[in-house]
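Let's take a walk through this structure together, starting with its charged pairs and ending with a meeting of helices.

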Amino acid sequence: MIINSGPANNADDSPFLANMKTSESYAKVLDARLKHAQDLLDQLCNLKEKPTVDNALSVYDNILLELDATGLQAGLIQEVHPDSVMRASSELFSQKVSAFNNDLSLNRKVYDALAGIDLTNLDAQTKYYLQKT
C-alpha cells in the first residue's frame, strides 16, 4: 500500500525558476527544500511509536522528493544558466544534496525505522519497495 502524501508541505512548489531571479532568491528556495528534507529526517529519526507506512515510509519518500527536486534543479542550472554566479551557486547545492544523500543512506536510525515496518498486511508493491530501500 504505497501512500502518496502529496507535495512537501513547507517547500515552495511554484513553477521552477518563477521566483529565482537572483542567486539569493535561488538559494532561498533551494535552502527551504533542504531544510524541509532535514526537518523530515529529524521527524523520521525521532519516531516515538512503532514505524508504519504512514509515519516512516511516507516521510522517507518526502525526504527523497525534496532531495530529487533540489538536486535536479541545481544540476540543470549548474549546466545551462548564462550567469556564472548562478552556476556556482548551483554547484554548491549539488554538493549539498550529494552529501545529504550520502548521510541519509548511512543513517542507522533511518534504516531501523524502515526495517521496523511490519510487512504482514502490506501489498506486494510496498513490500518490494521496502525490501529494496
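Counting salt bridges in this predicted model gives four. Let's look at some of them.

Take Lys96 and Asp31: they form a salt bridge, with their closest N and O atoms 3.7 Å apart. Lys96 sits in helix 3 (residues 84–105) and Asp31 in helix 1 (residues 23–45), so this pair ties together parts that lie 65 residues apart in sequence. Lys96 is partly exposed, at 37% relative accessibility, and Asp31 is partly exposed too, at 36%.

Next come Arg33 and Glu66, whose side chains meet in a salt bridge at 2.5 Å, N to O. Here distant parts of the chain are linked again: Arg33 belongs to helix 1 and Glu66 to helix 2, 33 residues apart. Are these two buried or exposed? Arg33 is buried, with a relative accessible area of 8%, and Glu66 is buried at 1%.

Arg108 and Asp112 make a local pair within helix 4 (residues 108–115), where being four residues apart separates them by about one helical turn. Their closest N and O atoms are 2.9 Å apart. Arg108 is exposed at 55%, while Asp112 is partly exposed at 38%.

Now back to helix 2 (residues 53–80), which packs against helix 5 (residues 124–132) at an angle of about 65 degrees, their axes 13 Å apart. The crossing is left-handed. Who meets whom? On the helix 2 side there are Val53, Leu57, Tyr60, Asp61 and Leu64, and on the helix 5 side Thr126, Tyr129 and Leu130. Sorted by type, the residues of this contact come out as six nonpolar, one polar and one charged.

Key. Residues numbered from 1 in each chain as written. Predicted model: local features only at pLDDT ≥ 70, side-chain atom pairs only at ≥ 80, totals over all residues. Heavy atoms only, no water. Axes fitted to C-alpha atoms, helices over the stretch in contact; angles between N-to-C directions. Helix = DSSP H or I, 4+ residues; strand = E, 2+ residues; numbered from the N terminus. Left-handed = near helix turned anticlockwise from the far one by under 90°. Contact = heavy atoms within 4.5 Å. Nonpolar A, V, L, I, M, F, W, Y, C, P; charged D, E, K, R; others polar. Buried < 20%, exposed > 50% of the residue type's maximum accessible area, 1.4 Å probe, protein only.
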